[in-house]
Every structure is written in structure tokens, then in C-alpha cells.
Amino acid sequence: MDILIQQLFNGLTIGSVYSLVALGLTLVYGILHIPNFAHGALYMLGGYITLSMMTLYGVNYWLAMFVSIIAVGLLGVLLERFVFRLLRDAPPLHDKIAAIGILLFLEAFAQFVWGADFHTMNSPYGQVVQVMGLTFTLQRLLIIVAAIVVMVLLYLFLKKTYTGSTIIAMSQNREGASLVGININKVAMLTFMISGGLAAIASSLASPINLVFPGMGHLVILKAFVIIILGGMGSIPGAIVGGYILGFSESLGATYVSNDYKDIIAFILLVVILTVKPTGLFAKGER
Amino acid sequence: MRIVTKRNGLIALLILAFSFPYIAQNDYYLHMLTLSFIWAIAVYGINLLSGYTGYLSLAHAGFFAIGAYSLGLLTVKAEMNFWLALAGACVITCVIGLLIGLIALRTKEHFFAIYTLCVGYIIYLVIDKWEGLTEGVRGLIGIPAPGSIGPITFDTAASQYYLVLLFLLAVIVIMYRIIHSLTGRTYIAIRNSEDLARTIGISTMKNKLTAFVLSTFFAGLAGALYASFIRFIGPDIGSTAIMFDLLMYLLVGGIGTLSGPLVGTLLLVILSQNLQFLQKYRMLIFGPLLTLIIIFYPRGLAGAAFEWQRKRRDKKLSMVRADMHMKAEEG
């Protein structure tokens, strides 16, 4: 029983990280219909920036995370402005390939600047806590709480502010949004900024319990794709729920099925989902 | 009588390709060229599906690996004759391709790309983890070179070069025949608009499936040739890194063109061999290159060349017209 609760807690931690990454991916997909393969590279870059701010400049963890959010967010804006905007009217194949090009570049770039080694990130919250038979580090608790805070803030931003509702409007209907005077280019850049920021938060939170290396985004991005297909491409609640579902199924699968094959669970899940329902679960109408 | 025609150019290229082992006395160049021909065969496979039928498959490194491992296992563990094993490897890849295609092709566009990316990853993970069959990360060692056919043996670098060259030529001829047939037109119709294709009575699923299986066949064939040429394979050949390499060859050469895969593969393989010092960081250049090409030259070098030719012809035509116009006014 203790193992079960412990694993559920771990699932919650991993699920929080997945949800944050998937949120960024789904926002961009909802607005621009781009499956951003480079999102994993943004995640990786976020981890590296936080790490170097902490090790090179001795900056506090939260400040380092803030710098990383801004930096990756701005990178997202640049990508929208100089790559994806030029491809807006191109066939869908082109966005995907451009995103793969960016992914390859960013990974080589990280390897060039920081080397191929694995780095550990020391967070100030490494203490081990024991509550009711549960043993965990404070960092894991922090991940869960921070993810919920970020999600609530994002929800409030999207639902309660004017700028936020322009994003929703554009995801519902691009032409309609532009007809009522919404500047589509601005909204697209803003969305990429938020998406990059979310990736940076996720990796800064997750790095202390994982490792920082150039390929750290690979599996995360693939799983984020599984999540947004699970939750419906472009759906925000779907990304959150899907993230937690995957988190739980992985941590339980690792304990009760096989630790070697835990990474395959997500892909099997995806293959099964798309086999049964080719347009993904909760697809919005026939395209 | 013009000397620089398409036909003469092709004949010259063929003569160059066949005499290359005599021109280049260096085995290293021969090795490099053979390897790039093998990659080119796989790229032709991706081109048939992604370029002509419009479905971006990210699983083809996986099919390449399936072809390579099938040949490796059939020759090393089952000790089969090389040529039987080669045929077997192609059949195995096609059967797996058929099964995956049946399901994968129900999805479209982004879903297909993501689905195949995941399928590719599963193939890689299975090869990596199933140590009992594939030896896992240690890789498969001691794959025999192509066996002899009667008096012809394939021990030397030059003979292997010719063997791969013949396979490549066969693949190009097959591709040419497909593209200039009704089948090829059907694929292009599906690429341009699947709904429209279905409206005019094309069975899209059947055609997509044949395109998919054919493209996995090319990938599997390339993989099998690779295994017998390098004679050692590890799970890495099924990784996404290889997939992205192949995609880059295709994009730079020209997606949806007949010459694109060969041009792109040769150019990039030779380029990256000459930029050895860049080996680890070559993506610093190739990544942005890929993005720039898709923005500015979406049909790659081959597409850009067609465009240039067409513009020149248009210019000539308009000049001729202006000339005639002037003469008419004078008269």
C-alpha cells in the first residue's frame, strides 16, 4: 500500500511536468496548427539557462528560473516571427520540417556551448521530508505546487484578461478574430512566448530531480505529443488531464510492469488511441 | 544539333558512375560513394511517400533498421545464403510495413507524422531492449559480405560499389516508371487533395497503402545493403538522428522530385565527410539550412533548378515574341 501511495505521488510529480510541457505545445497547436517539434529543444534550453545562471553567476534558483523563462520565451517569439510566420500559407508539411530544422540546430547549439555531458542541478529544496509514511524531497512537492500555481495563473490570464481572450478567440476562429480587429501576428508571437516560458518553467522545475543534457527534451516532447493527442490537439484542459494520466500510468507501470519498458507505455498508449480513433480522442468535429 | 541535352547528360553521368572506381584510385572515396548510394535508396523510399503522396513519415529509419537487422539475423543467426536473406529482409520489412501502414494511414497530416515518429521510436526501443534477439546495444557483428553469384564475387570495394550502384539504378528506374504512370499521378492527386481524389473515384486507402509498402520496401532494401556493406549494425541506425539525416538529404535535394534524393544525399554526405571537424556540430549548419530551404526553396535544389530553367525559357519566349512583334510593326 505504501508503495502504491509513493508511486501515485511520483506520478503526480512527473505528470505536473508533462502537463506544463504539453500546455505549451497545445497552445501553439491550437492557434497556429503547428506541431512544434522544436518544443522539446526549448525545454532543454530552459534547463541549461537556469543551470548556467545558477552555476556561473551564482544566482538564486528563482531568479535563474525567471531569466530562463524570459530567454526561452523571447526565443519562441523569434521563431514565430522569422520562421513560422513565413510559412503560414505553406502546406502543412513545411511547418513540421522547419520545426525539425530548429530542433536539430538548438540541440547542436546546446552541445556546442555546454558540451555533451550530463549535469546535475542543485536546487535549494533538496531536503528529504517524511509525511505519513511518504518519503520525498521538497523539490517534488515544489513541482506539484508550482505547476498548479502556473496552471491557475494561465487559466486566469486566458479567461479574465483582454489579451488572454484574444488568444482564445484566435484558437476558435482565426478569420473571425482578425475580422473583429485582433492583431493575429501579435497574438501568435505572444502565444509562442507563453509556450516557451512554460517549457522553461517545466524544465527548471524538473531538472533538479532529473539531469540536464542535450537530449533531455527528446522523450519529453514525444510524450507531450502523446498527451495532446490524448487530450485533443489544441485543448487546454485536455493537456493538463492527459499529462497527469500519463504521469500516473508511467509511475505505476514502472513499478508493476517493467522499469525497462516504462518509456514505451506512452507510445503504446498513443498507437492504441490512434488505431481506434485516428483523429485523436476528443477531436473537435471532422476536419 | 545540341550537345547539352538531357539524354546526353544522363549518359555522361552513367559513364562517370561506372568508371568511377577506375578514376578514383582511393578506396575511401569509393566507400563514401557506396554508402551515399545506400542512403539514397532509403531517401527514394521516403520521397515516394512524403514527396509524392504527401504523408510525412518519420518512421523510415525504423524500417531501414528492420531491413538491416533482418538481413543480419538471417545471415548470422540463421546462417542463410546472402541472396535469400536479402529477399527475406525485404519481405519482412514489407510485411511489417503493411501492418503498420494499415493502421498509420488511417491518420492524417500532423497525426500521421506524430504517429510514425512514435512508431519509429518503438522500433528503436524494441531493437535496443530485446537483447535475446538483437544483442541490444552490443550490436550485431560478423554480417557476411554479399555472396558470389557464379563467377562474380563481391569481395573488393569496387565490386560492392557496382552492386550498390546497380540496385540504385534499379530503384531510380522503378521510381521513374511509377511517377510517370497512372499510379504516380494517383499519388500526386492524393497529395494535392485527398478529398478531391476520392471524389473522382480513386481508392485513396489502397493507393496510400501501396505507396507506403513500396516506400518501406526501399528503406528495407537500403538497410539490408547497409548491413552487408558495413558488416556491423547497432540499434543507433534506427534512431531519430538517422531519420532526420535522411529527411535532410531529401529536403536539400528536393522533395517530390526524381533527382532530388540522389543530389541531396551525394551533396550532404560528401559535404559532411569534408567537414569532419564539424561532425559533432554539423547540425549547427544543417539545422538552419533545413529551415531556410523549406522557407525559400521548398522543393530543394532540384526544384530551384527547374524554376531557373523555366524562367530562362519564359524569358527567351518573351524575347522571341517581342522580336516578332517588332518585325510585324516594321512590315
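View 1. A cavity here is a set of points, on a 1 Å grid over the protein atoms alone, where a 1.4 Å probe fits but cannot get out; its volume is the space filled by probe spheres set on the points, which are joined across faces, edges and corners. This is a predicted model, in which local features need pLDDT of at least 70 and side-chain atom pairs pLDDT 80 or more, while totals for chains, interfaces and linings use all residues. Residues are numbered from 1 along each chain, chains are lettered from A in the order in which they are written, and side-chain values use heavy atoms, without hydrogens and water.

**View 2. The largest cavity, about 140 Å³.** Look for residues from both chains in the lining (an atom within 4 Å of a point), including Phe37(A), His218(A), Tyr121(B) and Phe244(B). Helix α9(A) gives the most, with 4 residues.

**View 3. The second largest cavity, about 40 Å³.** Here the lining includes Ile38(B), Pro146(B), Gln160(B) and Phe229(B). Helices α7 (157-179) and α10 (204-230) of chain B each supply at least two lining residues.

**View 4. Where chain A meets chain B.** The contact (heavy atoms within 4.5 Å) takes 45 residues from chain A and 35 residues from chain B. About 3,800 Å² is buried between them, 81% of it on carbon and sulfur atoms; this is accessible area (1.4 Å probe) lost on being put together, summed over both parts. Across the interface there are 0 salt bridges, a salt bridge being a side-chain nitrogen of Lys or Arg within 4 Å of a carboxyl oxygen of Asp or Glu.

Note on methods. Buried area = accessible area lost by both parts, 1.4 Å probe. 1 Å grid on protein atoms, 1.4 Å probe; cavity = no way out; pocket = protein on both sides within 12 Å on 5 of 7 lines; lining within 4 Å.
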